Amino acid sequence: MCGIAGLYTLDETRPADPSIVDAMCRMIVHRGPDDQGVHVHGGAQIGMRRLSIIDLASGHQPIHNEERTVWVVFNGEIYNFRELRRELEALGHRFYTQTDTECIVHAYEQYGEDCFRRLRGMFGIAILDLRERKLVLARDRLGKKPLYYTTTPDGTLAFASELKCLYAVPGFWPRISAEATHDYFALGYVPAPASIYEGVHKLPPAHYLVVRQGQVSVQRYWQLDFGPKWQAGEAELKGQLLEKLEDAVRARLVSDVPFGAFLSGGIDSSVVAVLMARNLAAPVKTFTIGFKEAAFNELPDARAVATHIGADHHELIVEADAVGLLKDLVWYFDEPFGDSSAIPTYLVSRLAAQHVKMVLSGDGGDELFAGYERYRRFQRLDAFARGTLGLGGTALRAASLVAGKARGVRLRRIADRVDQPYPQRYLSGVALNTAADLRMLLVPEVAGNDPFVRVSDRFTRADIADPMEKILAGDIDTYLADDILVKVDRMTMANSLEARSPLLDHELLEFAARLPLDLKLRNGSGKYLLKQVARDLLPAAVLDKPKQGFAIPVAKWFREDLRELMLDTLADRRFRERGIFNTAGVRRCMELHLAGSHDYSEPLWLLLTYEMWARRFIDGGVQARPVPVAA
């Protein structure tokens, strides 16, 4: 696991300054504390920071081919590198290391840009091809590993694993994007290919970029297909799913360093942990975060699974003062990030990093097997809208007039959703703020009219017939890629810890996507077939408990422990003068939340994290080292 960075001068007659990539790499030492490597050739320079996981002795990057005409820096892991190496050696390629990175070099030599289809793993890759005089960047299918790029005014393409690296590039001048700010307050994240800065892009998942003769092109190399559906019976598909799950876990157990697993007590991480235990001789080291508030605490469930598999188990209770980490954690996200579960993710990563260097996680199960409650809510809402022949919204608004305040607000919001077409009917239920909320929080130029303007098309794939599967595909492309995987990558890397996600193995994804929807969402319950597999592996109590999610009790904290922090931050002169916020609306939002008549914890968290980010990156500038995070 590493971080990569580099420059490629589009004007090939102008040599690059070799000190720049060194400065870029020093921004991301946390991603790779073990080693640094740089290669410079004319107007090109590529560099990396390395967290050594495989081939500790000879895995120094950049890595090259036999003639030193192709050079690679790479962030991630390739799980089929041994099979790929045997294939390439049979074709005449000669290797000088035992790393997975070198397989990328020779696969590129052999197959060109088509090589990315052959890689099973997670990756952000930069390939400098001196023969063809081009730079190639690539990102894994799901976007587990990040990759940003921009073009500076002097004609230089700069790329990096994290946005902050670009501050070391001469000519880079960050300008906050009003569109990205709008999207952040609507969704809680900035969806690819945009970033918070104008002119800076995320390379989308499953895409590669080629720079050649001053031209930049971006191409997709993979897309998840949801058909044709498997025709086998349920029992046979259950057996195949177990085989795919076990293969995905087993492939990720290749490591030259100690490793363990995140264990929440839910189905996804529990299945991963039990399959690890089945394939290891020593006890699995497991790590869990809990809360004093019972509604958010899964420690007893995780403990039961750990006991069931004989794990070496470690736990930590999260207190409200952990939010004090926020002003430091914004360094690792680079742009505003509104998912409050980043706090426990950071803390469980810090706990794990005290014992291991790599962990497996259960991320991806909800998107893959329709596990989120919002999928069931949408099904019910869609059925209600069709069953009431277009009159459901009117009826709900009438009911809201006689309901209590909180219930009345909820009924009016449901009525608005019922009256909307697809995909707005779904998106309005998962967005963190409605159009009315955005007008309350933001000035009109930023608030806009459509909260989903830049993500709606991700939920309307023409090759998918069923609306629910369109939703699953859209969530994989947006929420999973730009929220969940960003959170896991940044918070684990902040602790120099590698996280691997077996449930996001692309071969498992391709199998699961073609399962009939009834084997995912059945009788108002998600993850149907996964649960049938899990029943043979886990205690019944784990399967039958309600899903809690990895969240923090932020609504309660804002009314108690975090009340003063919220009031002080959002009343500060710097906040008022940003020219982004509707300060009267923000004040009203705080008053209603503190009074208990409304739950505005999500918009308040978005405001708080945005302001913390702005103070760190806009007001404070960027340093090569972050503010130390409290132990």
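User: Where does Ala370 sit?
Analyst: Ala370 is in the loop between helix H10 (365–369) and H11. Bear in mind that this is a predicted model.

User: Where is Gln213, and what is its phi near?
Analyst: Gln213 is in the loop between strand E11 (207–212) and E12. Its phi is near 50 degrees, again a positive value in a residue other than glycine.

User: And is Gln213 buried or exposed?
Analyst: Gln213 is exposed, because its relative accessibility is 66% and the cut-off for exposed is over 50%.

User: On to the helices. Which residues does H11 bring to H17?
Analyst: From H11 come Arg374, Tyr375, Phe378 and Gln379. On the H17 side they meet Met468, Ile471, Leu472, Asp475 and Tyr479.

User: How do those residues of the H11 contact with H17 divide by type?
Analyst: There are 6 nonpolar, 1 polar and 2 charged residues in that contact.

User: What angle do H11 and H17 make, and how far apart are the axes?
Analyst: Helix H11 (residues 373–387) packs against helix H17 (residues 467–493) at about 145 degrees, and the axes are 12 Å apart.

User: Is the crossing of H11 and H17 left-handed or right-handed?
Analyst: Right-handed.

User: Now the open sheet. What is its strand order?
Analyst: It has 5 strands in the order E15-E14-E13-E16-E17, and the pairing is parallel. The edges are strand E15 (312–318) and strand E17 (498–500), each pairing on one side only. From one strand to the next the twist averages 30 degrees.

User: How many bridges between E14 and E15?
Analyst: Strand E14 (residues 285–291) pairs with E15 over 7 bridges, in the parallel sense. As an example, Lys285 has Asp312 in E15 as its bridge partner.

User: Which strands does H9 touch?
Analyst: Helix H9 (residues 342–353) packs on the sheet and touches strand E13 (259–262), E14, E15 and strand E16 (358–360). Its direction makes about 145 degrees with that of E14.

User: How do E5 and E6 run, parallel or antiparallel?
Analyst: Antiparallel, with 9 bridges joining strand E5 (residues 70–78) to E6. Gly76 has Phe123 in E6 as its bridge partner.

User: And how many bridges from E6 to E7?
Analyst: E6 pairs with strand E7 (residues 134–139) over 6 bridges in the antiparallel sense. Ile125 stands opposite Ala138 in E7. The two strands form a hairpin with 4 residues between them. In the turn, Arg133 has a positive phi of about 50 degrees.

User: What does Ser456 touch, leaving out residues up to four places away in sequence?
Analyst: Pro423, Gln424 and Leu427. A polar atom of the Ser456 side chain also lies 2.8 Å from the backbone oxygen of Phe452.

User: Where is Ser456, and is it buried or exposed?
Analyst: Ser456 is in the loop between helix H16 (444–447) and H17. Its relative accessibility is 13%, so it counts as buried.

User: Last one, Gly155. Which residues is it in contact with, beyond its neighbours within four places in sequence?
Analyst: Tyr8, Thr9, Leu10, Asp11 and Arg14. The C-alpha atoms of Gly155 and Tyr8 are separated by 8.8 Å, and the two residues are 147 apart along the chain. Gly155 lies in the loop between strand E8 (148–151) and strand E9 (156–160). It is buried, with a relative accessible area of 17%.

Conventions: Residues are numbered from 1 along each chain as its sequence is written. This is a predicted model: local features need pLDDT of at least 70, side-chain atom pairs count only at pLDDT 80 or more; totals for chains, interfaces and linings use all residues. Side-chain values use heavy atoms; hydrogens and water are left out. Axes are lines fitted to C-alpha atoms, for helices over the stretch in contact, and angles run from 0 to 180 degrees between N-to-C directions. A crossing is left-handed if the near helix is turned anticlockwise from the far one by less than a right angle, and right-handed if clockwise. Contact means heavy atoms within 4.5 Å. Ala, Val, Leu, Ile, Met, Phe, Trp, Tyr, Cys and Pro count as nonpolar, Asp, Glu, Lys and Arg as charged, and the others, Gly among them, as polar. Two strands pair if DSSP finds at least two bridges between them. Buried means under 20% relative accessible area, exposed over 50%, partly exposed in between (1.4 Å probe, protein chains only). A polar contact is a pair of N or O atoms within 3.5 Å; within protein, one must be able to donate a hydrogen and the other to accept it, and residues adjacent in sequence count only if both atoms are side-chain atoms.
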